[in-house]
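Keep the coordinates open while reading.

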Amino acid sequence: VQLQASGGGLVQPGGSLSLSCVASGRIRNINSMGWYRQAPGKERELIATITRGGTTKYADSIKGRFTINTDNAKNTVYLQQNNLKPEDTAVYYCNADILATGNALYRIYWGQGTQVTVSS
């Protein structure tokens, strides 16, 4: 099982970006997917999660500006980022709680990270 994130880049304050993350491999089921970020010198923080049923949770720092959603048929999670601020600059990581074929338990898988830089 692999997760591949994409969509990062350089954007001016107030701009928008759309991140995506595709899970591939021998997947039986995905329980939930999420996005984390890690800024230089800081710990990785959870910013948004979504369950297979569509229940979402957001960090207070991005509420009202970011939206998480999924395409369950494509095993893909998206993060729409609007009104970006310089403090949103970080490497963004996706993860997913996946039951892989042949396994009895779910486990967490991580994508490789995509850089988002907000600067004028």
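Lys and Arg count as positive here, Asp and Glu as negative, while His and the chain ends are not counted. Each charge is placed at NZ of Lys, CZ of Arg, CG of Asp or CD of Glu. On that basis, the 12 positive and 7 negative charges of the protein chain have mean positions 7 Å apart. The model is a predicted one.

**Fold and dimensions**

The protein chain has eleven strands and zero helices. Along the sequence the pattern reads β-β-β-β-β-β-β-β-β-β-β. The radius of gyration is 14 Å, close to the 14 Å that the globule rule gives for 120 residues, so the protein chain is as compact as a globular protein of that length. Its C-alpha atoms fill a box of roughly 50 × 25 × 25 Å along the principal axes.

Of the 120 residues in the protein chain, 40% are buried. The accessible surface is about 6400 Å². Carbon and sulfur atoms account for 46% of that surface. Take the contacts between residues at least 6 apart in sequence: 55% of them join residues at least 24 apart.

**Salt bridges**

How many salt bridges does the count give? The count comes to four.

| Acidic residue | Basic residue | N to O distance |
| Glu45 | Arg37 | 2.7 Å |
| Asp88 | Arg37 | 2.9 Å |
| Asp60 | Lys63 | 3.3 Å |

Arg37 pairs with Glu45 and also with Asp88. Is Arg37 buried or exposed? Arg37 counts as buried, at 6% relative accessibility. Asp88 is buried too, with a relative accessible area of 0%. Both values fall under the 20% cut-off for buried residues. Glu45 is partly exposed at 33%.

Where do Asp88 and Arg37 sit along the chain? Asp88 lies in the loop between strand E8 (76–81) and strand E9 (90–100). Arg37 belongs to strand E4 (residues 27–38). The pair therefore ties together parts that are 51 residues apart in sequence.

Asp60 forms its salt bridge with Lys63. Asp60 counts as exposed, at 66% relative accessibility.

Note on methods:
Residues numbered from 1 in each chain as written. Predicted model: local features only at pLDDT ≥ 70, side-chain atom pairs only at ≥ 80, totals over all residues. Heavy atoms only, no water. Helix = DSSP H or I, 4+ residues; strand = E, 2+ residues; numbered from the N terminus. Rg over C-alpha atoms; globule rule 2.2 N^0.38 Å. Buried < 20%, exposed > 50% of the residue type's maximum accessible area, 1.4 Å probe, protein only. Contact = heavy atoms within 4.5 Å. Areas by Shrake-Rupley, 256 points an atom, 1.4 Å probe, with all protein chains shown as cover. Salt bridge = Lys/Arg side-chain N within 4 Å of Asp/Glu carboxyl O.
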